[in-house]
Amino acid sequence: MFSVFDGSIPSELGHLTSLTSFSIHSNQFTGTLPSWIGDFTQLRELDVSGNGFAGTLPSELGLLKGLTLFRIDKNEFTGTLPSWIGDLKICHFSGSIIIGSLAHFHQRLKITWIWQAFV
């Protein structure tokens, strides 16, 4: 059996800045992603899929230069496609409405998989 967490992501997690993987998938978190996630400068994998997040993605996610896996599927994010998206290798957006084109990333595009994205 497993636990399901709900509400906002506890701000205390923002102190774990040396994490390389942050996965809170398949819970019932709500609200927006906190900007302090941008402080996780060593993060390689970020998985917040299967929650109730909404709103726009924080611009601070662009500070995660080593991020290779990004999963926000099964949430209700909206907004424009962030410029740092071209640095990812795996990206899951399904269930979110992210507007933009990947065409202007053609020089540095490294994405190997975008799963069911509405881009």
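**Strand pairing**

I started with strand S1 (residues 6-7) and strand S3 (residues 28-31), which pair in the parallel sense over two bridges. Pairing here takes at least two bridges found by DSSP between the two strands. Strands themselves are DSSP runs of E with at least two residues, helices are runs of H or I with at least four, and both are numbered from the N terminus. Within this pair, I found Gly 7 opposite Phe 29 in S3.

S3 is also joined to S5 by two bridges, and these strands run parallel. There I see Gly 31 opposite Phe 53 in S5.

**Ground rules**

I am working with a predicted model, where local features need pLDDT of at least 70, side-chain atom pairs count only at pLDDT 80 or more, and totals for chains, interfaces and linings use all residues. Residues are numbered from 1 along each chain as its sequence is written, and side-chain values use heavy atoms, with hydrogens and water left out.

**Confidence**

I checked pLDDT next (the predictor's confidence in each residue, from 0 to 100). The protein chain has a mean of 82, with 80% of its residues at 70 or more.

**Whole chain**

I get ten strands and zero helices for the protein chain. For burial I use relative accessible area: buried is under 20%, exposed is over 50%, and partly exposed lies in between (1.4 Å probe, protein chains only). Of the 119 residues, 38% count as buried.

The chain exposes about 6700 Å², with carbon and sulfur atoms supplying 56% of that. Those areas come from the Shrake-Rupley method with a 1.4 Å probe, and for residues only the protein chains shown count as cover.

I also looked at contacts (heavy atoms within 4.5 Å). Among those between residues at least 6 apart in sequence, 31% join residues at least 24 apart.

Leaving aside neighbours within four places in sequence, I list Leu 33, Ile 37, Leu 46, Phe 70 and Trp 84 as contacts of Leu 61.

**Gly 66**

I found Gly 66 in the loop between strand S5 (52-55) and strand S6 (69-71). Beyond neighbours within four places in sequence, Gly 66 is in contact with Leu 43 and Arg 44.

**Salt bridge**

Which residue pairs with Asp 73 in a salt bridge? I find Arg 71, with the closest N and O atoms 2.8 Å apart. The cut-off is a side-chain nitrogen of Lys or Arg within 4 Å of a carboxyl oxygen of Asp or Glu. The structure holds one such bridge. Asp 73 is buried at 2% relative accessible area, while Arg 71 is partly exposed at 23%.

**Positive phi**

I noted two non-glycine residues with positive phi. Ser 26 has phi near 60°; it sits in the loop between S2 and S3 and is partly exposed at 44%. Lys 74 also has phi near 60°. I place Lys 74 in the loop between S6 and strand S7 (76-80), and Lys 74 counts as exposed at 57%.
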